[in-house]
Every structure is written in structure tokens, then in C-alpha cells.
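Dear colleague,

Please find below the structure that I am handing over to you. I would be grateful if you could read the notes that come after it.

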Amino acid sequence: MNCVLCKGNLIKGNVNYPVDLSDKFILIKEVPADICNQCGEYYLDDEVFKKVEDIVNHVRKSDFGIEIEVVKYKQQSA
């Protein structure tokens with residue numbers, strides 16, 4: 001599979017996935033992705049994206065007045 005932006009090769013790796021909500025910023029670390037070895041663009045498969053959505057929804061519901069939340073993908077998706 002190739003990158004849709006630059007046609008570079010995709011390699012398996014992990015990325016930090018930022019989510020900017022209106023009242024909070026979430027950074028999900030070590031998210032599995034296919035990463036372009038040329039431009040750095042990354043792609044999440046459907047299963048990983050669903051887990052990322054679940055993490056975001058969980059963090060959104062747990063409102064402790066925290067504006068910036070950093071979570072590890074593997075700890076939250078287990």
C-alpha cells in the first residue's frame with residue numbers, strides 16, 4: 001500500500017494522535033499506524049480508529065476539569 005499524498009511506502013509503526021476538543025486537548029500516545037516513510041503521513045486502520053474513538057469518548061465523559069490529557073493507547077485499549 002502506498003501513501004495517497006506522495007505515493008511513498010507505508011511502514012508499520014506508532015504515532016502520537018492529537019485530538020483537539022473545544023474544552024480539552026487529548027494526546028493518545030503510541031497508536032499503531034501505517035506511516036509513510038517519505039512524507040510522514042499516517043493512516044489508522046478501522047479497528048484502531050474505533051479504539052481511538054472509544055478512548056476519546058471515555059476521556060470526554062470523565063470531566064475532572066483537566067484541559068490537557070495524555071493517555072497511552074495500549075493501556076486504554078486493553
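This is a predicted model: local features need pLDDT of at least 70, side-chain atom pairs count only at pLDDT 80 or more; totals for chains, interfaces and linings use all residues.

Residues are numbered from 1 along each chain as its sequence is written, and side-chain values use heavy atoms, with hydrogens and water left out.

Cysteines. A disulfide is a covalent bond between the sulfur atoms of two cysteines; here the term stands for a pair of cysteine sulfur atoms within 2.5 Å. Under that rule, the count is 0 disulfides. The cysteine sulfur closest to that of Cys 3 belongs to Cys 39, and at 3.7 Å it is too far for a bond. For Cys 6, the closest cysteine sulfur is in Cys 36, at 3.4 Å, which is again too far for a bond. Cys 3 is buried, with 1% relative accessibility, whereas Cys 6 is partly exposed, with 24% (buried is under 20% relative accessible area, exposed over 50%, partly exposed in between, with a 1.4 Å probe and protein chains only).

Helix H1. Helices (H or I, at least four residues) and strands (E, at least two) are DSSP runs, numbered from the N terminus. H1 covers residues 46-61, 16 residues in total, and reaches 23 Å from its first C-alpha to its last, close to the 22 Å expected (1.5 Å times one less than its number of residues). Its buried residues are Val 48, Val 52, Ile 55, Val 56 and Val 59. Seen down the helix axis, these buried residues fall within an arc of 100°, so they line one face of H1 (the arc is that of the directions from the axis to the C-beta atoms). Asp 46, Glu 47 and Lys 61 are exposed residues on the face turned away from the buried side. The N-terminal end of H1 is capped by Asp 45, which has a side-chain oxygen 3.1 Å from the backbone nitrogen of Glu 47.

Backbone angles. Most residues other than glycine have a negative phi. Lys 7, although not a glycine, has a positive phi of about 70°. Lys 7 is located in the segment before strand E1 (10-20) and is exposed, at 59% relative accessibility. Glu 30 is likewise not a glycine and has a positive phi, of about 60°. Glu 30 belongs to strand E2 (residues 25-36) and is partly exposed, at 31% relative accessibility.

With kind regards

Definitions and conventions: A polar contact is a pair of N or O atoms within 3.5 Å; within protein, one must be able to donate a hydrogen and the other to accept it, and residues adjacent in sequence count only if both atoms are side-chain atoms.
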